[in-house]
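Please examine the structure shown below alongside its sequence. The paragraphs that follow begin with a single side chain and then widen the view.

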Amino acid sequence: PDSRVVSEVRRTADAIGSMEVRGAATIADAAAAALRAQAEQSDATTAADLRAELRAAARTLDDTRPTAVSLPNALRYVLFDLDGETVEAVRDAAVRRATEFCERLEHAQTDLGRVGANRLRDGDTVMTHCHSTDVLACVEAAVAQGKSLSAVVKETRPRMQGHITARELAALGVDVTLVVDSAARRYLNDVDHVLVGADSIAADGSVINKIGTSGLAVNARDRGTPVVCAAQTIKLHPGTLTGHTVDIEMREESEVIDPETAATLGDVRVANPAFDVTPPRYVDAIVTERGQYPPESIVVLMRELFGEATAEPWVE
Ligand code: RUB
(Lines give C-alpha, C1' and ligand atoms only; values in the text may rest on other atoms or scores of the structure.)
Protein backbone atom coordinates (compact mmCIF):
# COMPACT_ATOMS: atom_id res chain seq x y z
CA PRO A 1 0.00 0.00 0.00
CA ASP A 2 1.06 3.57 -0.74
CA SER A 3 2.37 5.14 2.52
CA ARG A 4 0.91 8.54 1.58
CA VAL A 5 -2.63 7.14 1.73
CA VAL A 6 -4.40 7.85 5.06
CA SER A 7 -5.82 4.92 7.05
CA GLU A 8 -9.42 5.91 6.36
CA VAL A 9 -8.81 5.40 2.63
CA ARG A 10 -7.23 1.99 3.28
CA ARG A 11 -10.14 1.02 5.53
CA THR A 12 -12.68 2.09 2.92
CA ALA A 13 -10.83 0.19 0.18
CA ASP A 14 -10.77 -2.95 2.36
CA ALA A 15 -14.48 -2.57 3.18
CA ILE A 16 -15.33 -2.29 -0.54
CA GLY A 17 -13.13 -5.29 -1.42
CA SER A 18 -14.70 -7.46 1.29
CA MET A 19 -18.22 -6.21 0.36
CA GLU A 20 -18.88 -4.85 3.84
CA VAL A 21 -19.58 -1.72 1.79
CA ARG A 22 -21.37 -2.83 -1.39
CA GLY A 23 -23.88 -1.79 -4.04
CA ALA A 24 -22.85 0.74 -6.68
CA ALA A 25 -24.28 3.89 -5.10
CA THR A 26 -23.04 3.07 -1.59
CA ILE A 27 -19.55 2.32 -2.93
CA ALA A 28 -19.47 5.70 -4.73
CA ASP A 29 -20.56 7.54 -1.59
CA ALA A 30 -17.91 5.81 0.55
CA ALA A 31 -15.17 6.47 -2.03
CA ALA A 32 -15.95 10.20 -2.21
CA ALA A 33 -15.97 10.39 1.61
CA ALA A 34 -12.59 8.61 1.71
CA LEU A 35 -11.07 11.14 -0.71
CA ARG A 36 -12.43 13.92 1.49
CA ALA A 37 -10.67 12.29 4.47
CA GLN A 38 -7.44 12.14 2.46
CA ALA A 39 -7.69 15.88 1.73
CA GLU A 40 -8.53 16.75 5.34
CA GLN A 41 -5.95 14.54 7.05
CA SER A 42 -3.02 14.94 4.66
CA ASP A 43 0.17 16.59 5.95
CA ALA A 44 1.36 17.45 2.45
CA THR A 45 3.26 20.75 2.35
CA THR A 46 2.80 21.63 -1.31
CA ALA A 47 -0.20 21.70 -3.61
CA ALA A 48 1.54 19.28 -5.98
CA ASP A 49 2.18 16.80 -3.15
CA LEU A 50 -1.45 16.93 -2.05
CA ARG A 51 -2.62 16.34 -5.63
CA ALA A 52 -0.26 13.34 -5.90
CA GLU A 53 -1.61 11.97 -2.59
CA LEU A 54 -5.20 12.35 -3.77
CA ARG A 55 -4.35 10.51 -6.97
CA ALA A 56 -2.69 7.71 -4.96
CA ALA A 57 -5.79 7.49 -2.74
CA ALA A 58 -8.00 7.34 -5.84
CA ARG A 59 -5.89 4.48 -7.26
CA THR A 60 -6.18 2.56 -3.97
CA LEU A 61 -9.97 2.93 -4.05
CA ASP A 62 -10.26 2.18 -7.77
CA ASP A 63 -8.27 -1.06 -7.41
CA THR A 64 -10.95 -2.71 -5.24
CA ARG A 65 -13.76 -3.91 -7.52
CA PRO A 66 -13.96 -3.42 -11.30
CA THR A 67 -17.62 -3.48 -12.37
CA ALA A 68 -19.49 -0.60 -10.71
CA VAL A 69 -18.57 2.49 -12.76
CA SER A 70 -20.05 4.70 -10.04
CA LEU A 71 -16.69 4.19 -8.26
CA PRO A 72 -14.41 5.74 -10.94
CA ASN A 73 -17.17 8.29 -11.72
CA ALA A 74 -17.07 9.39 -8.05
CA LEU A 75 -13.27 9.59 -8.01
CA ARG A 76 -13.24 11.63 -11.24
CA TYR A 77 -15.87 14.01 -9.84
CA VAL A 78 -13.82 14.72 -6.70
CA LEU A 79 -10.47 15.07 -8.51
CA PHE A 80 -11.88 17.45 -11.13
CA ASP A 81 -10.09 20.76 -11.44
CA LEU A 82 -7.76 20.60 -8.41
CA ASP A 83 -5.20 22.96 -9.89
CA GLY A 84 -5.01 25.42 -6.94
CA GLU A 85 -1.59 26.88 -6.10
CA THR A 86 -1.59 26.30 -2.33
CA VAL A 87 -2.26 23.23 -0.18
CA GLU A 88 -5.29 25.00 1.29
CA ALA A 89 -6.75 25.73 -2.13
CA VAL A 90 -6.40 22.11 -3.26
CA ARG A 91 -7.71 20.79 0.07
CA ASP A 92 -10.74 23.11 0.06
CA ALA A 93 -11.57 22.22 -3.53
CA ALA A 94 -11.36 18.45 -2.91
CA VAL A 95 -13.45 18.69 0.27
CA ARG A 96 -16.04 20.83 -1.50
CA ARG A 97 -16.26 18.50 -4.52
CA ALA A 98 -16.56 15.41 -2.30
CA THR A 99 -19.29 16.95 -0.17
CA GLU A 100 -21.13 18.13 -3.27
CA PHE A 101 -20.86 14.66 -4.82
CA CYS A 102 -22.40 12.95 -1.77
CA GLU A 103 -25.22 15.52 -1.62
CA ARG A 104 -25.99 15.17 -5.31
CA LEU A 105 -26.00 11.39 -4.98
CA GLU A 106 -28.62 11.55 -2.27
CA HIS A 107 -30.79 14.02 -4.19
CA ALA A 108 -30.49 12.00 -7.39
CA GLN A 109 -31.73 8.90 -5.62
CA THR A 110 -34.74 10.73 -4.19
CA ASP A 111 -35.59 12.20 -7.62
CA LEU A 112 -35.16 8.80 -9.30
CA GLY A 113 -37.42 7.24 -6.69
CA ARG A 114 -40.24 9.62 -7.62
CA VAL A 115 -39.89 8.76 -11.31
CA GLY A 116 -39.84 5.02 -10.64
CA ALA A 117 -42.82 5.29 -8.28
CA ASN A 118 -44.96 6.72 -11.08
CA ARG A 119 -44.69 3.35 -12.86
CA LEU A 120 -46.03 1.44 -9.85
CA ARG A 121 -49.78 1.19 -9.25
CA ASP A 122 -51.63 0.47 -6.05
CA GLY A 123 -51.78 -3.31 -5.53
CA ASP A 124 -48.84 -4.12 -7.86
CA THR A 125 -46.28 -6.87 -7.26
CA VAL A 126 -42.61 -6.36 -8.10
CA MET A 127 -39.85 -8.93 -8.43
CA THR A 128 -36.36 -7.93 -7.26
CA HIS A 129 -32.87 -9.32 -7.72
CA CYS A 130 -29.91 -8.54 -5.44
CA HIS A 131 -30.12 -5.36 -3.31
CA SER A 132 -30.28 -1.98 -4.98
CA THR A 133 -30.76 1.28 -3.10
CA ASP A 134 -32.03 2.86 -6.35
CA VAL A 135 -34.74 0.17 -6.57
CA LEU A 136 -35.60 0.63 -2.90
CA ALA A 137 -35.97 4.39 -3.50
CA CYS A 138 -38.70 3.70 -6.12
CA VAL A 139 -40.61 1.40 -3.79
CA GLU A 140 -40.21 3.77 -0.87
CA ALA A 141 -41.59 6.68 -2.93
CA ALA A 142 -44.54 4.57 -4.11
CA VAL A 143 -45.33 3.55 -0.54
CA ALA A 144 -45.10 7.22 0.50
CA GLN A 145 -47.73 7.97 -2.20
CA GLY A 146 -50.02 5.56 -0.34
CA LYS A 147 -49.66 2.61 -2.75
CA SER A 148 -49.80 -0.87 -1.31
CA LEU A 149 -47.21 -3.21 -2.90
CA SER A 150 -46.15 -6.84 -2.79
CA ALA A 151 -42.72 -8.18 -3.69
CA VAL A 152 -41.23 -11.49 -4.77
CA VAL A 153 -37.59 -11.25 -3.70
CA LYS A 154 -34.93 -13.50 -5.23
CA GLU A 155 -32.39 -14.54 -2.61
CA THR A 156 -29.43 -13.90 -4.99
CA ARG A 157 -26.84 -16.63 -4.62
CA PRO A 158 -24.09 -16.76 -3.58
CA ARG A 159 -23.99 -13.68 -1.32
CA MET A 160 -27.73 -13.54 -0.52
CA GLN A 161 -28.17 -9.79 -0.93
CA GLY A 162 -31.87 -10.63 -1.39
CA HIS A 163 -32.07 -10.99 2.38
CA ILE A 164 -31.19 -7.30 2.74
CA THR A 165 -33.87 -6.39 0.17
CA ALA A 166 -36.45 -8.59 1.93
CA ARG A 167 -35.74 -6.97 5.29
CA GLU A 168 -35.86 -3.41 3.92
CA LEU A 169 -39.04 -3.99 1.89
CA ALA A 170 -40.78 -5.62 4.84
CA ALA A 171 -39.81 -2.64 7.00
CA LEU A 172 -41.54 -0.38 4.43
CA GLY A 173 -44.74 -2.41 4.86
CA VAL A 174 -44.42 -4.32 1.56
CA ASP A 175 -45.81 -7.87 1.54
CA VAL A 176 -42.63 -9.91 0.86
CA THR A 177 -42.17 -13.46 -0.47
CA LEU A 178 -38.56 -14.68 -0.53
CA VAL A 179 -37.76 -17.31 -3.20
CA VAL A 180 -34.65 -19.17 -4.40
CA ASP A 181 -33.27 -17.76 -7.64
CA SER A 182 -34.39 -20.71 -9.74
CA ALA A 183 -38.02 -20.16 -8.67
CA ALA A 184 -38.18 -16.79 -10.40
CA ARG A 185 -39.91 -17.96 -13.60
CA ARG A 186 -42.56 -19.81 -11.60
CA TYR A 187 -43.57 -16.48 -10.04
CA LEU A 188 -43.30 -14.20 -13.07
CA ASN A 189 -46.97 -14.74 -13.96
CA ASP A 190 -47.95 -13.07 -10.68
CA VAL A 191 -45.58 -10.14 -11.07
CA ASP A 192 -46.31 -6.73 -12.66
CA HIS A 193 -42.72 -5.42 -12.87
CA VAL A 194 -39.22 -6.76 -12.59
CA LEU A 195 -37.21 -4.03 -10.84
CA VAL A 196 -33.42 -4.23 -10.86
CA GLY A 197 -30.53 -1.84 -10.27
CA ALA A 198 -27.30 -1.45 -12.22
CA ASP A 199 -23.57 -1.38 -11.57
CA SER A 200 -22.89 0.05 -15.01
CA ILE A 201 -24.89 0.97 -18.09
CA ALA A 202 -23.14 0.78 -21.45
CA ALA A 203 -23.59 3.22 -24.33
CA ASP A 204 -25.74 0.69 -26.23
CA GLY A 205 -28.15 0.50 -23.27
CA SER A 206 -26.91 -2.84 -21.92
CA VAL A 207 -27.43 -3.16 -18.18
CA ILE A 208 -24.59 -4.64 -16.14
CA ASN A 209 -25.95 -5.86 -12.82
CA LYS A 210 -25.71 -8.78 -10.38
CA ILE A 211 -25.25 -12.21 -11.96
CA GLY A 212 -28.68 -13.64 -12.79
CA THR A 213 -30.19 -10.35 -13.97
CA SER A 214 -29.93 -11.27 -17.67
CA GLY A 215 -31.65 -14.66 -17.26
CA LEU A 216 -34.37 -13.00 -15.22
CA ALA A 217 -34.88 -10.37 -17.94
CA VAL A 218 -35.13 -12.99 -20.70
CA ASN A 219 -37.70 -14.94 -18.68
CA ALA A 220 -39.64 -11.78 -17.93
CA ARG A 221 -39.78 -10.91 -21.63
CA ASP A 222 -41.09 -14.42 -22.35
CA ARG A 223 -43.85 -13.83 -19.80
CA GLY A 224 -44.55 -10.25 -20.97
CA THR A 225 -43.49 -8.74 -17.66
CA PRO A 226 -41.79 -5.34 -18.02
CA VAL A 227 -38.19 -5.07 -16.85
CA VAL A 228 -37.26 -1.74 -15.31
CA CYS A 229 -33.73 -0.78 -14.36
CA ALA A 230 -33.44 1.91 -11.67
CA ALA A 231 -30.06 3.57 -12.09
CA GLN A 232 -28.81 7.04 -11.30
CA THR A 233 -26.72 8.68 -14.02
CA ILE A 234 -23.47 7.90 -12.12
CA LYS A 235 -24.06 4.32 -13.35
CA LEU A 236 -23.50 5.46 -16.95
CA HIS A 237 -20.15 4.10 -18.13
CA PRO A 238 -18.39 6.84 -20.14
CA GLY A 239 -15.64 4.48 -21.37
CA THR A 240 -18.20 2.54 -23.41
CA LEU A 241 -18.65 5.65 -25.60
CA THR A 242 -15.16 5.00 -26.97
CA GLY A 243 -15.45 1.24 -27.33
CA HIS A 244 -14.25 0.03 -23.92
CA THR A 245 -16.12 -2.88 -22.40
CA VAL A 246 -17.18 -3.27 -18.77
CA ASP A 247 -15.04 -5.64 -16.69
CA ILE A 248 -17.04 -8.41 -15.05
CA GLU A 249 -15.66 -9.16 -11.59
CA MET A 250 -14.76 -12.78 -10.85
CA ARG A 251 -14.90 -13.50 -7.12
CA GLU A 252 -13.59 -16.23 -4.80
CA GLU A 253 -14.65 -19.85 -5.31
CA SER A 254 -15.28 -20.10 -1.56
CA GLU A 255 -18.36 -17.87 -1.93
CA VAL A 256 -19.95 -20.64 -4.02
CA ILE A 257 -18.81 -23.75 -2.15
CA ASP A 258 -16.75 -24.35 0.99
CA PRO A 259 -13.30 -25.87 0.36
CA GLU A 260 -14.08 -29.18 2.17
CA THR A 261 -17.22 -29.83 0.11
CA ALA A 262 -15.37 -28.78 -3.05
CA ALA A 263 -12.67 -31.38 -2.23
CA THR A 264 -15.30 -34.16 -2.23
CA LEU A 265 -16.24 -33.33 -5.85
CA GLY A 266 -12.92 -34.33 -7.35
CA ASP A 267 -11.44 -32.42 -10.26
CA VAL A 268 -14.01 -29.66 -10.61
CA ARG A 269 -13.43 -26.00 -11.42
CA VAL A 270 -15.65 -23.44 -9.65
CA ALA A 271 -16.39 -20.12 -11.38
CA ASN A 272 -17.96 -17.17 -9.60
CA PRO A 273 -18.76 -14.25 -11.92
CA ALA A 274 -20.41 -11.50 -9.87
CA PHE A 275 -22.22 -9.68 -12.70
CA ASP A 276 -23.72 -10.21 -16.13
CA VAL A 277 -24.84 -8.14 -19.12
CA THR A 278 -28.51 -7.75 -20.05
CA PRO A 279 -28.87 -6.61 -23.68
CA PRO A 280 -31.08 -3.53 -24.20
CA ARG A 281 -33.78 -5.51 -26.04
CA TYR A 282 -34.77 -7.15 -22.74
CA VAL A 283 -35.02 -3.90 -20.81
CA ASP A 284 -38.19 -1.81 -21.04
CA ALA A 285 -36.98 1.34 -19.31
CA ILE A 286 -34.03 2.82 -17.47
CA VAL A 287 -35.26 5.06 -14.67
CA THR A 288 -32.83 7.85 -13.75
CA GLU A 289 -33.05 11.06 -11.73
CA ARG A 290 -33.48 12.82 -15.10
CA GLY A 291 -36.56 10.83 -16.09
CA GLN A 292 -37.01 7.45 -17.71
CA TYR A 293 -35.32 6.41 -20.95
CA PRO A 294 -35.69 3.54 -23.37
CA PRO A 295 -32.28 1.79 -23.09
CA GLU A 296 -31.47 2.51 -26.76
CA SER A 297 -31.53 6.27 -26.16
CA ILE A 298 -29.46 6.36 -22.95
CA VAL A 299 -26.42 7.21 -25.08
CA VAL A 300 -27.86 10.70 -25.63
CA LEU A 301 -27.88 11.35 -21.89
CA MET A 302 -24.43 9.79 -21.58
CA ARG A 303 -22.93 12.18 -24.14
CA GLU A 304 -24.62 15.14 -22.53
CA LEU A 305 -23.28 14.30 -19.06
CA PHE A 306 -19.84 12.87 -19.83
CA GLY A 307 -18.91 14.07 -23.33
CA GLU A 308 -16.08 12.11 -24.87
CA ALA A 309 -14.25 9.93 -22.35
CA THR A 310 -10.75 11.04 -21.37
CA ALA A 311 -7.95 9.37 -19.38
CA GLU A 312 -8.62 9.00 -15.66
CA PRO A 313 -6.88 11.79 -13.70
CA TRP A 314 -5.35 9.31 -11.22
CA VAL A 315 -3.67 7.07 -13.82
CA GLU A 316 0.11 7.64 -13.71
C1 RUB B 1 -24.89 -5.04 -6.11
C2 RUB B 1 -25.78 -4.93 -7.30
C3 RUB B 1 -26.82 -3.84 -7.28
C4 RUB B 1 -26.24 -2.58 -7.95
C5 RUB B 1 -27.13 -1.37 -7.76
O6 RUB B 1 -23.84 -5.98 -6.28
O7 RUB B 1 -25.65 -5.63 -8.29
O8 RUB B 1 -27.96 -4.21 -7.98
O9 RUB B 1 -24.96 -2.29 -7.43
O10 RUB B 1 -27.18 -1.01 -6.39
P11 RUB B 1 -22.82 -6.24 -5.06
P12 RUB B 1 -27.52 0.50 -5.96
O13 RUB B 1 -23.63 -6.68 -3.89
O14 RUB B 1 -21.90 -7.30 -5.59
O15 RUB B 1 -22.09 -4.94 -4.79
O16 RUB B 1 -28.83 0.83 -6.57
O17 RUB B 1 -27.58 0.48 -4.45
O18 RUB B 1 -26.43 1.38 -6.48
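In this predicted model, the side chain of Lys 147 reaches the backbone oxygen of Ala 117 at 3.0 Å. Ala 117 is 30 residues away from Lys 147 along the chain, yet their C-alpha atoms are separated by 9.2 Å. When neighbours within four places in sequence are left aside, Lys 147 is in contact with Ala 117, Asn 118, Leu 120, Arg 121, Asp 122 and Ala 142. Is Lys 147 buried or exposed? The relative accessible area of Lys 147 is 19%; because buried means under 20%, Lys 147 counts as buried.

Attention now turns to helix H7, which comprises residues 161–171. Within this helix, Gln 161, Gly 162, Thr 165, Ala 166 and Leu 169 are buried. These residues cover an arc of only 145 degrees around the axis, and they therefore lie on the same side of H7. On the other side of H7, Arg 167 and Ala 171 are exposed. Against which elements do the buried residues of H7 pack? Their partners are helix H6 (133–144) together with the strands E1 (125–128), E2 (150–154), E3 (175–179) and E6 (207–210). After H7 comes Gly 173, with a positive phi near 95 degrees.

The wider arrangement of the chain can now be considered. The protein chain is divided into domain 1, residues 7–109, and domain 2, residues 113–306. The C-alpha centres of domain 1 and domain 2 are 26 Å apart. At the interface, 20 residues of domain 1 are in contact with 29 residues of domain 2. The size of an interface is often expressed as the accessible area lost when the parts come together. Domain 1 and domain 2 bury about 1800 Å² between them, with 52% of it on carbon and sulfur atoms. In domain 1, Arg 22, Thr 67 and Gln 109 lose the most area to domain 2, and together they account for 33% of what that side buries.

Polar interactions also link the two domains: 14 residue pairs are in polar contact between domain 1 and domain 2. Helix H2 (24–41), helix H4 (70–79) and helix H5 (87–119) each supply at least two residues of the side of domain 1 that touches domain 2. One salt bridge is found across this interface.

Methods:
Residues are numbered from 1 along each chain as its sequence is written. This is a predicted model: local features need pLDDT of at least 70, side-chain atom pairs count only at pLDDT 80 or more; totals for chains, interfaces and linings use all residues. Side-chain values use heavy atoms; hydrogens and water are left out. Buried means under 20% relative accessible area, exposed over 50%, partly exposed in between (1.4 Å probe, protein chains only). Helices (H or I, at least four residues) and strands (E, at least two) are DSSP runs, numbered from the N terminus. The arc is that of the directions from the helix axis to the C-beta atoms. Contact means heavy atoms within 4.5 Å. Domain bounds come from an automatic or database domain assignment. Buried area is the accessible area (1.4 Å probe) that two parts lose on being put together, summed over both. A salt bridge is a side-chain nitrogen of Lys or Arg within 4 Å of a carboxyl oxygen of Asp or Glu. A polar contact is a pair of N or O atoms within 3.5 Å; within protein, one must be able to donate a hydrogen and the other to accept it, and residues adjacent in sequence count only if both atoms are side-chain atoms.
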